[in-house]
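Take a look at the fold below.

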Amino acid sequence: LGAPKLITRLATQQSQADEVITEQLALPDDSPYAGRPLGDTRARTLTGAYVVAVLRSDGTHPSPAPAAVLRAGDLLVTVGTRQGLDQVARLLEGPG
C-alpha cells in the first residue's frame, strides 16, 4: 500500500526536476551589461532564473554577488526553466 504512493511521489519529483536545467550563457562583447554589476541585469527578478557562477579566464567565481562586475566573454552559469534561460540570454544581448 505504501510503495505505490512512494513511487508516485518520486515520479512527480523527478518530473518537476526535469523542468529545471543548467546552461552556460556567454556575455556578448556588445552586451549592455559588460562592465556593469550582475545586479543591474535584474535577471532573477525578471526571469526567475539564477546566475550561480561566472566562468572567465582567471577562474570560476561561484555564487556571484549582485555587485560582481561582468566582463565581455564571461560565461554565466544559469539555472532555471527553459523559458527563463532563454529570457536571460535575450536580456544579456540587450535591445534590438
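Four strands form an open sheet in the order β1-β4-β2-β3, with antiparallel pairing. Strands here are DSSP runs of E with at least two residues, helices are runs of H or I with at least four, and both are numbered from the N terminus. Two strands pair if DSSP finds at least two bridges between them. Strands of a sheet pair through backbone hydrogen bonds, either parallel or antiparallel. The edge strands are β1 (21-26) and β3 (59-62), and each pairs on one side only.

This is a predicted model: local features need pLDDT of at least 70, side-chain atom pairs need 80 or more, and totals for chains, interfaces and linings use all residues. Residues are numbered from 1 along each chain as its sequence is written, and side-chain values use heavy atoms, without hydrogens and water.

β2 and β3 pair in the antiparallel sense over four bridges. Arg56 stands opposite Gly59 in β3.

Now find the largest pocket. A pocket is an open set of points on a 1 Å grid over the protein atoms alone, where a 1.4 Å probe fits, with protein on both sides within 12 Å along at least five of seven lines; lining residues have an atom within 4 Å of a point. The largest pocket holds about 230 Å³ of space, counted as the space filled by probe spheres set on points joined across faces, edges and corners. Of its 13 lining residues, the closest to the centre are Leu38, Ala43, Arg44, Val51 and Pro66.

Which element gives the most to this lining? α2 does, with three residues.
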